[in-house]
Amino acid sequence: MALRGLAGSGPGSRGPLDEAVAADKEREAPAAVAAGATPEDDEEDEGRGRGLLRWDGFSAWLHCVCVVGFDLELGQAVEKDPAYFYGYVYFRQVRDKTLKRGYFQKSLVLISKLPYIHFFHTVLKQIAPEYFEKNEPYLEAACNDVDRWPAPVPGKTLYLPIMGVVMKVRIPTCHDKPGTTQIVQLTQQGDAHISVILPTVHEVDLFRCFCPVFLHSQMLWELVLLGEPLVVMAPSPSESSETVLALVNCISPLKYFSDFRPYFTIHDSEFKEYTTRTQAPPSVILGVTNPFFAKTLQHWPHIIRIGDLKPAGEIPKQVKVKKLKNLKTLDSKPGVYTSYKPYLNRDEDIIKQLQKGVQQKRPSEAQSVILRRYFLELTQSFIIPLERYVASLMPLQKSISPWKSPPQLRQFLPEEFMKTLEKTGPQLTSRIKGDWIGLYRHFLKSPNFDGWFKTRRKEMTQKLEALHLEALCEEDLLLWTQKHTEVETVDLVLKLKNKLLQADREHLPVKPDTMEKLRTHIDAIILALPEDLQGILLKTSMT
């Protein structure tokens, strides 16, 4: 079972087990300030009135909170759970001569199914320093605060109090564009009690992470897009975590479907699998800090070695692309070690724009907006031709008959898709030249294409099911039953009920009035049947 690690000041991750454990020196956080009653207090009390059980509110945000000790023999010690979670860590290291290594080491870990990287690290910075001073009672009080939070509903702006501090956040939706801030701005009267306003709950500082390698950002975008095995060697877990998360996010809104480990250690269960030379490295992005990996991961095809990430306003020296054979020693210089040849020509305009920003001391946040917009436009230019072709695989609506099973999608034919690129390829929306065809051919063999296409195929199949339901609702089903036997009518009722269950179970994109219309049809058909059959069919609808 895997253990993905994330630093206290770095971002979170998802994975087979994301109880994240990291080793970063503690950063002092400001003490919590007192806050008065807030407008959301009434909402929280209402939640109890609606029948929420103890800790239901907590479970909407967090799976659990772990206190992780460090064992010299076993490494990080924490009980594992076979599900997908994000882990957020605050690590403390204090000198203690009575201990074997001379240090007391312990982490506070928040484990959640929510990928709210920036938000949960803000929470940790608020509560972790005092927890280490006041221990479990303080932690329990913080958990009680979380239990009173309203549920994280997409699109909602929430006020979340924790240990005297009130945070204002907006929960993102799947329709938000990457890099757009939609938080309601601070107002003098209504938000006077707000301590912290977070413009984003889930995004990382993209430019800060790409800063040492922004000359090669387009090449790294290709490597992530293609699901290539990639290692980030960083001086600390926080820098490792942030860089891996930035890489995964650079192909947004396309989802990265391969595995990624922001902080991978020698104690992870996949250590032997990833370091063996008897098979090719898997499609995964690893973030590591242990110098031991410079030797054991030499066979990986793409390795990014970075130095310390500089604070905003300070720009590190740009690393060069180097051959893998040069990564031999533990003190190898920073660089991108790969023999990969990019399919696309480098976009010099974005390089000049970022370099100009560096010279003008443009804030890192503004640089991140520019870089995120560039990645977004690049990904959209790449994915739009695929979306257009996949949409053409959808059967025509007129081919949908209420009395036949929904038609199937046409098969995805790579060569047929390639022919569409001549007239409707990425050249319509992107100025970048290069071997787009070669990039598409490589992408079609990648885990990211496989995951993307399975998702799109499922969505389109569900759309066909929804259209089939709508076609059924437009028919005069009662008239149909008058022309058919009771056995056929009962069979129709059972099939319609199954359709309703399927629509609910699979969250089919069906309009509410369509569902109501179908229920009305079913009730009318049942009432037209003999009483003994009515009783049987009504009983089946109740079970």
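The legends below describe close-up views of a predicted model.

Residues are numbered from 1 along each chain as its sequence is written, and side-chain values use heavy atoms, with hydrogens and water left out. In this predicted model, local features need pLDDT of at least 70 and side-chain atom pairs count only at pLDDT 80 or more, whereas totals for chains, interfaces and linings use all residues.

**View 1. The whole protein chain.** The protein chain has 18 helices and 13 strands; helices (H or I, at least four residues) and strands (E, at least two) are DSSP runs, numbered from the N terminus. Of its 543 residues, 51% are buried, where buried means under 20% relative accessible area, exposed over 50% and partly exposed in between (1.4 Å probe, protein chains only).

**View 2. An open sheet of 6 strands.** The strands follow the order β9-β10-β8-β11-β13-β12, with mixed pairing; two strands pair if DSSP finds at least two bridges between them. Because β9 (259-261) and β12 (320-322) stand at the edges with a single partner strand each, one side of each is left without a neighbour in the sheet. From one strand to the next, the twist averages 15°. Angles run from 0 to 180 degrees between N-to-C directions, and axes are lines fitted to C-alpha atoms, for helices over the stretch in contact.

View 3. β12 runs parallel to β13 (residues 335-338), the two being paired over 3 bridges. Lys322 has Tyr337 in β13 as its bridge partner. Helix α7 (residues 237-249) packs on the sheet and touches β8 (230-233), β9, β10 (284-288) and β11 (302-305). The direction of α7 makes about 160° with that of β10. Contact means heavy atoms within 4.5 Å.

**View 4. Strands β3 and β4.** Strand β3 (residues 86-95) is largely enclosed by the rest of the structure, because 7 of its 10 residues are buried. It pairs with β4 (residues 103-112) in the antiparallel sense over 10 bridges. Phe91 stands opposite Ser107 in β4.

**View 5. The largest nonpolar core.** A nonpolar core is a set of buried Ala, Val, Leu, Ile, Met, Phe, Trp, Tyr and Cys residues joined through side-chain atoms within 4.5 Å. The largest has 99 residues, and those touching the most other members are Trp61, Phe119, Phe210, Trp221, Phe382, Leu386 and Phe412. Helix α11 (residues 364-391) gives the most to this core, with 10 residues. Apart from this core lies another, of 22 residues, including Ala466 and Leu533.
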